[in-house]
Amino acid sequence: MSLFELVRVSFDALRVNLLRSVLTMLGIVIGVAAVIAMVTVGAGAQAEVDRQIEALGSNVLMIRSGSRWFGGARTAAGSAQSLTVEDTRALKAEIPEIAAAASANRGSGQVVVGNMNWSTTIYGIDADYMIARNWELAQGREFEPAEFRNGAKVALLGNTVVEELFGAGNVVGQAIRIKNVPFTVVGALKAKGQSFGPWDQDDTVMVPFKTAEGRLLGKSTHRTGSVRDIYVSVGDADAMDLVELDITEVLRQRHRIGPGEQDTFSIRNMTEMVEARVEARQIFNMLLAAVASVSLVVGGIGIMNIMLVSVTERTREIGLRMAVGAKERDIMLQFLVEAVTLCLLGGLIGIVVALTITVGVAEIAGWPVLVQWPIVIIAIAFSAAIGIFFGFYPARKAAAKDPIEALRSE
Amino acid sequence: MAFLRCHDVHKDYLVGTETVRALDGVSVAIDRGEFVSVMGPSGSGKSTFMNLVGCLDRPNSGSIELDGERVSDLTSDSLASVRNQKIGFVFQQFNLLGRTSALDNVALPLLYAGVDRGERTTRADEALARVGLADRAQHVPAQLSGGQQQRVAIARALVNSPDMLLADEPTGALDTATGQEIMRLFQALNEAGLTVIVVTHEAEVADYARRILRFRDGLITSDTLDEVRNVAV
Ligand SMILES: Nc1ncnc2c1ncn2[C@@H]1O[C@H](COP(=O)(O)OP(=O)(O)OP(=O)(O)O)[C@@H](O)[C@H]1O
Ligand SMILES: [Mg+2]
């Protein structure tokens, strides 16, 4: 009997018990879908993280006052002397490997245009900020030295703010109000895309450091010249560790921290931070994939179980087929093909489900969809293998039946 | 030379520690074109005899020759081929595949004979026509009467043009009138040249045959030839 005939016969048999066949397949469907979804979503997340690192600016160190941040209590934050613009300048002057050192303060506030308003994050930045953080202009120009000096009421808009307030089009020269202070837009930033989970980097308005200090972020929380974050970009990636040590030394000296005393600031390598997060996510993904493969095995056992039931139920049919000339091989192949068909169908449906899930997740998270075709092919091959492995025993059991006994069974 | 020749055939079954001698030295020769009925009390070995002759099983000792070939020591694959090519079975319980059309049921032996799909359909249609069910090809067994189901089963037995038709109590599950229809069908097939062996408990059924083998305790106790066919039927 040709393979095609065998497949037809097995399809007929599967159709007769449609509900059972579908339920049996479900194990494989879920297993395959889970494995592929995990791997694909993982790949998409990885690609997104790569892009984030790119967007953050490679080789960027972030210095913040306080000895610890990002989880855990911020110790010695208020009490310690905060960073200042002089610190930033000193770092740039004293450490030759530093390509750009930028001071930035941050706060939030409402931006109003006509009757539209939008709550966003306001950055007070200096001249090095755009370089250090890898920002590029979409339209207009950067702040001019005089604007930095005088604390001019000019602003650069992030892409999200442009979209929310203006939709699209040219925003240069537009008048806006930030926290009720009138500003002129001089430029718009190129979109970086979503970053750091829910935190949208493009949802931002930038103003000159001095402007923010005076009018927007207020003097109550910041002394003049005090800086919340210093961003340092290093020309040579290999020099990162060295530069980190140098920064520590310079700042300890400037802040007069005695030997044995704790740092009043902390330095973070932003690339490393993202990478650590990636690693955590990869491990999580691999765990999920492992769980998913267990469900594949469980699905395979389900197939074997149903095939055994089916062989028992169809003993008479087996006897009859033998009586009219089926050889042991024919019976064996019939049941084997049935099991493989179940698994392959389950695998194919699983792939479709996985791709649907992946596209959905990517849509929500704003990740790229990166279908891992090797994994898809492996999944198909693997489900066929499960069919053969778990179908073999029931098929052999069917083929080994004695025709007379089989015909006589109920 | 006889088409079917059994010589001193023994078949034992082991039940627990006891050996049941289902056939205890059966010798018989049946020619091509004969219509033989097999009778005897329950447990006398009729079905066992049919199974051996039908190549579904092998004897413990003795020899069975079919068409000059010693089938008693063939491998199970070769036996399957013989069953497929030379023998048609009709069972008491019809043994049709449920939810499968009459046509596909009839075509089943051709599937294992390696006949392609188009020819399978043609030949299955022909076989169904021979048993008078051409118009029921697409019906599934549940949509057919008992007699019709048995005729589908006969069509299946005929579809591969066997040399010999074996029927173990083919009328056992049918009412008398339907049973007689089936027997008349066998008679017609026999008259067209087919060798037919039928197991039955009923004398009226046996009367269709020209030769009656009577079994008792695993032995053939009488082998009678009716020169004149019973005309009462
Ligand atoms: N598979 C088996 N295992 C054990 N004993 C068996 C088996 N098949 C048949 N027998 C025994 O062999 C003997 C002959 O059985 P067989 O089925 O040939 O009788 P039969 O003449 O067809 O009877 P019936 O008219 O009831 O169908 C019986 O005693 C039966 O119990
Ligand atoms: Mg019997």
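Predicted model: local features only at pLDDT ≥ 70, side-chain atom pairs only at ≥ 80, totals over all residues.

Mentor: Two packed helices are described by the angle between their axes and the distance between the axes.

Trainee: Which hand does the crossing of H3(B) and H5(B) have?

Mentor: The crossing of H3(B) and H5(B) is right-handed.

Trainee: Which residues make the contact?

Mentor: H3(B) contributes Ala102(B), Asn105(B), Val106(B) and Pro109(B), while H5(B) contributes Val152(B), Ala155(B) and Arg156(B). Sorted by type, the residues of this contact are five nonpolar, one polar and one charged.

Trainee: Now chain A. Where is Asp229(A) placed?

Mentor: Asp229(A) belongs to strand S11 (residues 229–234) of chain A.

Trainee: Is Asp229(A) buried or exposed?

Mentor: The cut-off for buried is under 20% relative accessible area. Asp229(A) has a relative accessible area of 1%, so Asp229(A) is buried.

Trainee: What does the side chain of Asp229(A) make a polar contact with?

Mentor: The partner is the side chain of Arg64(A), at 2.6 Å. Leaving aside residues up to four places away in sequence, Asp229(A) touches Met62(A), Ile63(A), Arg64(A), Ala102(A), Ser103(A) and Ala104(A).

Trainee: Next, the rings. How many aromatic pairs are there over all chains?

Mentor: A search of the whole structure finds six. A pair of aromatic rings is described by the distance of the centres and the angle of the planes. Take Tyr123(A) and Tyr129(A): their ring centres are 5.9 Å apart and their planes are at 35°.

Trainee: Why is the pair of Tyr123(A) and Tyr129(A) called tilted?

Mentor: Planes under 30 degrees apart count as stacked and over 60 as edge-to-face, with the rest tilted. The planes of Tyr123(A) and Tyr129(A) are at 35°, so the pair is tilted.

Trainee: Are these two residues buried or exposed?

Mentor: Tyr123(A) is buried at a relative accessible area of 5%, and Tyr129(A) is buried at 1%. Tyr129(A) also pairs with Tyr231(A), edge-to-face, at 5.6 Å centre to centre and 80° between the planes.

Trainee: Which parts of the chain does that pair link?

Mentor: Tyr129(A) is in helix H4 (residues 129–132) of chain A and Tyr231(A) is in strand S11 of chain A, 102 residues apart. Tyr231(A) is buried too, with a relative accessible area of 3%. Through ring pairs, Tyr123(A), Tyr129(A) and Tyr231(A) are linked into a cluster.

Conventions: Residues numbered from 1 in each chain as written. Chains lettered and ligands numbered in written order. Heavy atoms only, no water. Left-handed = near helix turned anticlockwise from the far one by under 90°. Helix = DSSP H or I, 4+ residues; strand = E, 2+ residues; numbered from the N terminus. Contact = heavy atoms within 4.5 Å. Nonpolar A, V, L, I, M, F, W, Y, C, P; charged D, E, K, R; others polar. Buried < 20%, exposed > 50% of the residue type's maximum accessible area, 1.4 Å probe, protein only. Polar contact = N/O pair within 3.5 Å; in protein donor to acceptor, adjacent residues only side chain to side chain. Phe/Tyr/Trp six-rings, centres within 6.5 Å; stacked < 30°, edge-to-face > 60°.
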